[in-house]
Amino acid sequence: FKHHSYGDCSMSNLNFLHSGGNKVTLSAPDSNPSSDVTLKLPQADGSKNQALSTNGSGVLSFATVSDYSHRRINVNGAMAIAQKGTSAPNNADNGYPICTDMVNYRRTGAWSGTTWTVSQNSQTPTTLAPFQFFTRWTQAGTAQNAPNDTSTNLQYKVEGQDMAHAMWGTSNAIQCTLSFYVRCSQTGTFCVYVASTNRFYVFEYTISAANTWQRVTHTFVSPTSGSFNTNNTAGIQIQFVVAADAASSTYGGATTNTWLTVSKRWTSNQSTAMSANAGATWDITGIQFEIGDTATPFEHRSFGEELLRCQRYYQKSYNHSVVPGTATYIGCSRGESINANTIDICPRFKVDMRTTPSVTIYSPTDGASGNCYFDHSTNANRTAVAANVGESGFGSLHRSAGDLAHNGDQHASCQWTASAEL
């Protein structure tokens, strides 16, 4: 607005005068903006309870915005928790959770000569404020285009009961939005594959500038049919395709931005540059899955709160920074034999787990898996397994050899891990 000597408009205020005499004032910022700011209003009014939202370039639109508290449904989106360790090399034709909590290494087909190192890395928060951690895929071994039907993917699962309020698979399904920050040493088109038990969805994003963090956002078409678990199993799995055989007839050729009944996982545009270039890297952090059609700012939680959420799926007796299998007594559980088969070691878990976990025990003296350590009269490792395992802890250790002496002197110690991962 230009300043005139008449009316109720000034250089810093715009006033709307009510017929009753009072006015509503819109004021300019207290300090001078670094450049002109233009806000473009939407073409039409929004729906009830919607709010104006900017696209970051001054274009306003009406959007349904979730409550800002507890809007991030997924766990460990900032990649801060890594209870299993910070690096896992030589991944090729395997698939399991490694390194960063909630992150799985997945693949299709058979890689020949090419392997992948998965790691949790740190950075100065100002590099991508305020993210300190990210998960990295690094190419190793043979540099080649992805062989027939192969892919390497980061898999991330969302527990069904945590997203049940989205009502996916029903006529009342609500739109949800996925956002994340990604950086890659290679440019090109990459795919994200989302699946329930019988519905599949693929969308693309493009990396135009190498080695540069960018935010990707995508709002899903609401799925009004299909099966989406709403219990303590996975409601959906999200797979970020790092490299793949674009010409694959088995998994390639997906139609984007629509829910499919056939398990297609990437499009013919999917890049294979990550496998074709020695030492290529692909990084991700700031994953946020939320209710609504707008990607809101990433919801940060304290390290302690995020750790507790992760421990619903995986926890250990070791200190957070200690890799399971390390020889240490710090944090170990201790008890004594009560009969020929049973050792009275019964730790309580730090938080109830998603389901009855798989427990692995380790000797504190040398880290040997499947062993506890007897001291005093025995001073040796003994094979044993956790018994009476439940969601809140386990009740004892059991030794099938039946050679324990109950003389009050057979003290035993062990470290342990408990896994109930999706």
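Where in the chain is Asn211 found? In this predicted model, Asn211 is found in the loop between β13 (200-207) and β14 (214-219), and the legends below take this residue together with several other local features.

**Figure 1. Overview of the predicted protein chain.** The chain contains two helices and 25 strands, and its C-alpha atoms fill a box of roughly 100 × 55 × 45 Å when taken along the principal axes. Of the 422 residues in the chain, 47% are buried.

Figure 2. Most residues other than glycine have a negative phi. Asn388 counts as exposed because its relative accessibility is 63%, where the cut-off for the exposed class is over 50%.

**Figure 3. Close-up of the cis peptide bond between Ala129 and Pro130.** Most peptide bonds are trans. The bond joining Ala129 and Pro130, by contrast, is cis, with an omega of about -5°. Pro130 itself has its place in the loop between β8 (114-122) and β9 (133-141).

**Figure 4. Close-up of the salt bridges made by Glu306 with Arg72 and with Arg301.** Side chains of opposite charge can pair when their charged atoms come close. In the pair formed by Glu306 and Arg72, the closest N and O atoms are 2.8 Å apart.

**Figure 5. Close-up of the salt bridge between Arg309 and Glu305 in helix α2.** The side chains of Arg309 and Glu305 meet at an N to O distance of 3.1 Å, and because the two residues are four apart in helix α2, they are separated by about one helical turn. Arg309 is partly exposed, with a relative accessible area of 28%, and Glu305, at 31% relative accessibility, also counts as partly exposed. Elsewhere, salt bridges that share partners join Arg72, Arg301 and Glu306 into one network. The count of salt bridges in the model comes to seven.

**Figure 6. Close-up of the second largest pocket and its lining.** This pocket has a volume of about 180 Å³ and is lined by 16 residues, among which Ala78, Ala80, Phe133, His300 and Arg301 lie nearest its centre. By residue class, the lining of the second largest pocket divides into eight nonpolar, five polar and three charged residues.

**Figure 7. Close-up of a nonpolar patch on the surface formed by Phe16, Val24 and Leu26.** Together these three residues have about 310 Å² of accessible area. Leu26 is found in strand β2 (residues 23-27), and with a relative accessible area of 51% Leu26 is exposed.

How values were computed: Residues are numbered from 1 along each chain as its sequence is written. This is a predicted model: local features need pLDDT of at least 70, side-chain atom pairs count only at pLDDT 80 or more; totals for chains, interfaces and linings use all residues. Side-chain values use heavy atoms; hydrogens and water are left out. On a 1 Å grid over the protein atoms alone, a cavity is a set of points where a 1.4 Å probe fits but cannot get out, and a pocket is an open set with protein on both sides within 12 Å along at least five of seven lines; lining residues have an atom within 4 Å of a point. Grid points are joined across faces, edges and corners, and a volume is the space filled by probe spheres set on the points. Ala, Val, Leu, Ile, Met, Phe, Trp, Tyr, Cys and Pro count as nonpolar, Asp, Glu, Lys and Arg as charged, and the others, Gly among them, as polar. Buried means under 20% relative accessible area, exposed over 50%, partly exposed in between (1.4 Å probe, protein chains only). Patches are made of residues with over 30% relative accessible area and no salt bridge: like charges are joined within 9 Å, nonpolar side chains (Val, Leu, Ile, Met, Phe, Trp, Tyr) within 5 Å. Accessible areas come from the Shrake-Rupley method with a 1.4 Å probe; for residues, only the protein chains shown count as cover. A salt bridge is a side-chain nitrogen of Lys or Arg within 4 Å of a carboxyl oxygen of Asp or Glu.
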